[in-house]
Amino acid sequence: MTIMSKTLRQQPGQEKPSIYERAIMTWGENLQLELIVEECAELIRAIQKYKRKLATGGLYLEAREDMAEEVADVSLMIEQMKLMRLNDAAHPFKDDINRWMEYKLARLEERLEIAKREKESGEKK
Ligand SMILES: [Mg+2]
């Protein structure tokens with residue numbers, strides 16, 4: 001039994017595991033990581049196809065729908081990644097993700113401020 005399945009095993013009085021938890025318990029973290037790679041690749045292809053259709057004046061609605069499907073797939077897999085332990089029982093992977101989210105969001109906010117100032121100074125010239 002892996003650390004993950006022990007961690008996610010339902011305790012008496014605990015809520016039923018979520019669908020995400022059940023997916024990890026059923027197939028394991030390593031197999032789900034393989035699936036994440038596949039789903040990310042499918043999303044990349046779907047975005048490229050959508051952009052190509054737009055650029056060439058093609059029928060983009062089907063490509064848009066495909067892209068939505070792949071975003072859903074990747075989102076489901078990301079939710080599972082947030083529940084993984086990834087060989088560190090004492091240190092949930094979600095903690096690392098949250099730390100990076102905070103840092104990246106603050107950085108994005110700074111970049112938006114810089115872009116806003118640059119736009120304003122450009123408009124004054
Ligand atoms: Mg897919």
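Student: How do the axes of helix H2 and helix H3 cross, at what rough angle?
Tutor: Keep in mind that this is a predicted model. Two packed helices are described by the angle between their axes and the distance between the axes. For H2 (residues 19–27) and H3 (residues 29–55), the axes come within 6 Å. An angle of 65 to 115 degrees counts as roughly perpendicular, so H2 and H3 are roughly perpendicular to each other, and their axes cross at roughly 115°.

Student: Which residues of H2 and H3 meet?
Tutor: By class, this contact has four nonpolar, one polar and one charged residues. On the H3 side you'll find Glu29, Leu31 and Gln32. Their partners in H2 are Ala23, Ile24 and Trp27.

Student: And are H2 and H4 roughly parallel or roughly perpendicular to each other?
Tutor: The axes of H2 and helix H4 (residues 61–83) come within 9 Å. They cross at roughly 75°, and 65 to 115 degrees is the perpendicular range. H2 and H4 are therefore roughly perpendicular.

Student: Which residues of H4 make the contact with H2?
Tutor: From H2 come Tyr20, Glu21, Ala23 and Ile24. The residues of this contact divide into four nonpolar, one polar and two charged. The H4 side is made by Glu79, Gln80 and Leu83.

Student: Zooming out, how many helices and strands does the protein have?
Tutor: Read along the sequence, the pattern is α-α-α-α-α. Count it up and the secondary structure comes to five helices and zero strands.

Student: Is the protein spread out or a compact globule?
Tutor: Along its principal axes the C-alpha trace spans about 65 × 35 × 25 Å. The globule rule gives 14 Å for 125 residues, but the radius of gyration is 20 Å, well over that. So compared with a compact globule, the protein is more spread out.

Student: What share of the residues counts as buried?
Tutor: To be buried, a residue needs 20 or more other C-beta atoms within 10 Å of its own. Of the 125 residues of the protein, the share that counts as buried is 11%.

Student: How far apart are the C-alpha centres of domain 1 and domain 2?
Tutor: The protein is divided into domain 1 (3–89) and domain 2 (92–125). Their contact takes five residues from domain 1 and four residues from domain 2. On the domain 1 side, the residues divide into three nonpolar, no polar and two charged. As for the C-alpha centres of the two domains, they lie apart by 26 Å.

Student: Is Glu38 buried or exposed?
Tutor: Glu38 sits in helix H3. Its C-alpha atom is separated by 9.9 Å from that of Asp73, which is 35 residues apart along the chain. A residue with 12 or fewer neighbours counts as exposed. Glu38 has 11 C-beta neighbours inside 10 Å, so Glu38 is exposed.

Student: What is the rough phi of Leu86?
Tutor: Most residues other than glycine have a negative phi. Leu86 is found in the loop between H4 and helix H5 (93–124), and with 15 C-beta neighbours inside 10 Å it counts as partly exposed. Although Leu86 is not a glycine, its phi is positive, at about 50°.

Student: And what about the phi of Asn87?
Tutor: Asn87 is also in the loop between H4 and H5. It has 11 C-beta neighbours inside 10 Å, so Asn87 counts as exposed. Asn87 is not a glycine either, yet its phi is positive, at about 60°.

Note on methods
Residues numbered from 1 in each chain as written. Predicted model: local features only at pLDDT ≥ 70, side-chain atom pairs only at ≥ 80, totals over all residues. Axes fitted to C-alpha atoms, helices over the stretch in contact; angles between N-to-C directions. Helix = DSSP H or I, 4+ residues; strand = E, 2+ residues; numbered from the N terminus. Parallel < 35°, antiparallel > 145°, perpendicular 65-115°, else oblique. Contact = placed C-beta atoms within 7 Å. Nonpolar A, V, L, I, M, F, W, Y, C, P; charged D, E, K, R; others polar. Domains from an automatic or database assignment. Rg over C-alpha atoms; globule rule 2.2 N^0.38 Å.
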